[in-house]
Amino acid sequence: MLRVLEKENFEKLKDAGEGYIVITDKPNNTTKLHQVGCRYVDIKSFTKKVVENHEENGSYYWFKDKKDAVSETNADECLVCKG
Ligand SMILES: [Zn+2]
C-alpha cells in the first residue's frame, strides 16, 4: 500500500495504469475502490483533496492487488469501473 501525496506520484501511477486506487472521503463517509484508469481517479480531484486541502477531507491510496485493497480498507467498488 502506498499513500499518494504528491502530484508527480499520482501522475506516474496514472501513466503506468496498473493497480487500484482507494479514495476516502470523510464528509461523505465513503471509501471507494477504483481501477487506476477510472475517470473518477483524476488529477483535479486529487490535487484539491490532497495537495490543496492537505487530506483534511480524505486521502488517496494505491494498491497493487485488489484483494489487499479490499481487505485493508474495506472499500466499496466504484460502480463505473467496477473497482
Ligand atoms: Zn472507478
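Modeller: Two strands are said to pair if DSSP finds at least two bridges between them, and the strands themselves (E, at least two residues), like the helices (H or I, at least four residues), are DSSP runs numbered from the N terminus. This is a predicted model, in which local features need pLDDT of at least 70 and side-chain atom pairs count only at pLDDT 80 or more, while totals for chains, interfaces and linings use all residues. Residues are numbered from 1 along each chain as its sequence is written.

Biologist: How do you know that S2 and S3 pair, and in which sense?

Modeller: There are 6 bridges between S2 and S3, which run antiparallel, and since at least two bridges are required, the two strands pair. One example is Val22, which stands opposite Leu33 in S3. The hairpin of S2 and S3 has 4 residues between the strands, and in this hairpin Asn29 takes a positive phi near 55°.

Biologist: What makes S1 and S5 edge strands?

Modeller: Strand S1 (2–3) and strand S5 (76–77) each pair on one side only, in an open sheet of 5 strands with the order S1-S4-S2-S3-S5. Inside the order, S2 and S4 run antiparallel and are joined by 4 bridges, with Tyr20 and Phe63 as bridge partners. The pairing of the sheet is therefore called mixed.

Biologist: Why is Ile21 counted as buried?

Modeller: A residue is buried if 20 or more other C-beta atoms, placed from the backbone, lie within 10 Å of its own, exposed if 12 or fewer, and partly exposed in between. Ile21, which is found in strand S2, has 28 C-beta neighbours inside 10 Å and so counts as buried. Leaving aside residues up to four places away in sequence, Ile21 touches His34, Val36, Val41, Tyr60 and Trp62, where contact means C-beta atoms within 7 Å.

Biologist: What makes a group of residues a nonpolar core?

Modeller: The term is used for a set of buried Ala, Val, Leu, Ile, Met, Phe, Trp, Tyr and Cys residues joined through C-beta atoms within 7 Å. The largest such core here has 14 residues, and those with the most contacts inside it are Tyr20, Ile21, Val22, Leu33, Tyr60, Phe63 and Ala69. Strand S2 (20–25), helix H2 (43–52) and strand S4 (60–63) are the elements that give two or more residues to this core, and the largest share, 4 residues, comes from S2.

Biologist: Is Lys67 buried or exposed?

Modeller: Lys67, which lies in helix H3 (residues 66–73), has 9 other C-beta atoms within 10 Å, so this residue falls in the exposed class.

Biologist: Why do you say that H1 lies largely in the open?

Modeller: Of the 10 residues of H1, the number buried is 1, so the helix lies largely in the open. Helix H1 (residues 7–16) does meet H2, however: Lys7, Phe10 and Glu11 in H1 contact Ile43, Phe46, Thr47 and Val51 in H2. Just after H1, Gly17 takes a positive phi of about 70°.

Biologist: What is the phi of Glu55, and what is that of Asn74?

Modeller: Most residues other than glycine have a negative phi. Glu55, although not a glycine, has a positive phi of about 65°, and Asn74 also has a positive value, near 60°. Glu55 sits in the loop between H2 and S4, and with 14 other C-beta atoms within 10 Å this residue is partly exposed. Asn74 lies in the loop between H3 and S5, and its 10 C-beta neighbours inside 10 Å make Asn74 exposed.

How values were computed. Contact = placed C-beta atoms within 7 Å.
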